[in-house]
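Here's a quick walk through a protein and its ligand, written for someone who would rather look at the model than at a table of coordinates. Have the viewer open while you read.

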Amino acid sequence: MVGAGMAGVRTAVGLRERGWRGRISLLGAETHRPYDRPPLSKALLLGTADGSAFDVDFEGLGIELLLGRHAVALRPAERVVVTAEGPEPYDRLVLATGAEPVALPGTEGLPDVHLLRTLDDAAALRPVLEQRRDVVVVGAGWIGAEFATAAREAGCAVTVVEAADRPLAGALPAEVAARTAAWYEEAGVRLLTGAAVASVAPGEVVLADGTGLTAGAVVVGIGARPATGWLAGSGVELGPDREVLADDRLRTSVPDVWAVGDCASFPSARYGTRLLVHHWDNAMQGPATAAANVLGGDEVYDPVPYFWSEQFGRFVQYAGHHAPGDAAVHRGDPDGAAWSVCWLRADGTLSGLLAVDRPRDLVQGRRLMERGAALDPERAADPSVQLKNA
Ligand code: FAD
């Protein structure tokens, strides 16, 4: 396995669980013992949790951890992964290098400009919260919203600058995403939409319209890209987002090489499209298929994707993958505390579900999607009817 995050770790453990007795090496660029990322923008940032290391007995399982080792090239003809410390041979290889955050152009290396992807990033941000500095967050996506939540909780003054006209613009349909703007205001966060950053200097962010924002720290959350630069020239086929193009068995275009987690997309027969999922559940579930197939199995990976986010005191969950033409059915008062949106295809089957503090809707909706069940739109719109009975 190259990449010692959730996907690499789960694949390694999955190989052992399926009875593989040979050598397993988990090669990872970071020096920390493998850890979970979601707490980095939540409890770890606030200091209410000390760490998020995976509870896996690597030594007991005979999984060799090669940490602090950055893969720089793949040479399939020789069956080696090249690292700065030398070549690592393999018989079968799983790519699990995840994603890396996109930097704001021109801010690389500037003091007090932060990204949030790693344990080290979170550690660097802890003092910002402890010192209650004025923070400018660039990007109102999932990471921006979660960081803003934590920073407010710590007592920082927070301004979020978003280029689109609403938060979560790339993630949710306009009418649903727009509702989340009120959450910022309610939490005392200044949200500036349709705002572009012109320049960043120590202590200040200047917007394109000339507005100057005081910034004791800047946190950039403008997206992440698959960490696949090291595969250039390897023959592993990459897609438009630089992601590894895996097939429905999570095989890559190179023999005996599989790919899983944030670094790879896969074709979904369920949704009739290729999916590139940058969420925890995919890195958790995909490895079972990858491990089975590495050991000679023939399993297809076609999940109902799922993710959650904790922002501004709300538990936001989404399952499925709805298409632009699917009909949105609203359950509950969108200005109230808890509501959901179901997306239905023309034949009534549920394709996607967003739940805000309605976890039961999510659980039931996910099961309905797994079964390909159809819903009655009128009953689905009634929040007093359990979804499983709609
Ligand atoms: P990663 O976790 O990125 O792990 C890949 C590993 O590979 C990294 O350790 C990296 O250093 C290493 N690597 C990269 N390149 C190389 C190389 N060339 N050589 C060696 N090693 C390399 N998802 C949710 O659904 N809900 C959430 O609430 C949520 N919160 C999140 C909060 C934060 C702050 C972040 C960053 C992510 C969050 N996610 C959340 C997303 C989720 O954590 C990811 O989808 C998941 O971590 C993906 O796992 P992965 O193993 O594919 O990749």
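UniProt positions are given here in the numbering used for this model, with feature names shortened, and the annotations may be inferred rather than shown by experiment. With that in mind, UniProt's unreviewed entry puts the feature "domain: Reductase C-terminal" at residues 306–390.

Two housekeeping points. Residues are numbered from 1 along each chain as its sequence is written. This is a predicted model, where local features need pLDDT of at least 70 and side-chain atom pairs count only at pLDDT 80 or more, while totals for chains, interfaces and linings use all residues.

**Confidence**

pLDDT is the predictor's confidence in each residue, on a scale from 0 to 100. The protein has a mean pLDDT of 96, and 100% of its residues reach 70 or more. For the complex, the predictor reports an ipTM of 0.99 and a pTM of 0.97.

**Domains and annotated spans**

Domain bounds come from an automatic or database domain assignment.

Helices (H or I, at least four residues) and strands (E, at least two) are DSSP runs, numbered from the N terminus. Residues 306–390 come out at 20% helix and 36% strand, with 21 Å between their end C-alpha atoms.

**Around the ligand**

Which residues come nearest to the ligand? Gly3, Gly5, Arg37, Gly98 and Gly261 do, out of 36 residues around it; a residue is near a molecule or strand if its C-beta atom, placed from the backbone, lies within 6 Å of it. Helix 1 (6–17), strand 1 (24–28), helix 8 (280–294) and strand 21 (306–311) are the elements that give two or more residues to this shell.

By class, the shell has 19 nonpolar, 12 polar and 5 charged residues. Nonpolar here covers Ala, Val, Leu, Ile, Met, Phe, Trp, Tyr, Cys and Pro; charged covers Asp, Glu, Lys and Arg; the others, Gly among them, count as polar. Domain 1 and domain 2 each put at least three residues into the shell.

**The largest nonpolar core**

A nonpolar core is a set of buried Ala, Val, Leu, Ile, Met, Phe, Trp, Tyr and Cys residues joined through C-beta atoms within 7 Å. Buried means 20 or more other C-beta atoms within 10 Å of a residue's own, exposed means 12 or fewer, and partly exposed is in between, with C-beta atoms placed from the backbone.

The largest such core has 45 residues, and Val135, Val136, Val137, Val160 and Val218 touch the most other members. Among the elements that each supply at least two residues are helix 4 (119–130), strand 9 (135–138), strand 10 (158–162) and strand 15 (217–220). Helix 5 gives the largest share, 7 residues. Like the ligand shell, this core draws at least three residues from each of domain 1 and domain 2. In soluble globular proteins, nonpolar side chains tend to be buried together.

Start with two positive phi angles. Arg242 has phi near 70° without being a glycine, and it lies in the loop between strand 16 (224–226) and strand 17 (244–245). Asp256, not a glycine either, has a positive phi of about 65° and is found in the loop between strand 17 and strand 18 (257–259). Arg242 counts as partly exposed because it has 17 C-beta neighbours inside 10 Å; Asp256 is partly exposed too, with 14.

Next, some C-alpha pairs:

| Pair | Apart along the chain | C-alpha separation |
|---|---|---|
| Gln317 and Ala355 | 38 residues | 5.2 Å |
| Pro39 and Leu119 | 80 residues | 9.5 Å |
| Pro173 and Ala328 | 155 residues | 9.8 Å |
| Ala29 and Ala292 | 263 residues | 25 Å |

Gln317 is in strand 22 (residues 314–320) and is buried, because 23 C-beta neighbours lie inside 10 Å. Is Pro39 buried or partly exposed? With 18 C-beta neighbours inside 10 Å, Pro39 is partly exposed. Pro39 lies in the loop between strand 1 and helix 2, and Ala29 is in that loop as well. Ala29, with 20 C-beta neighbours inside 10 Å, counts as buried.
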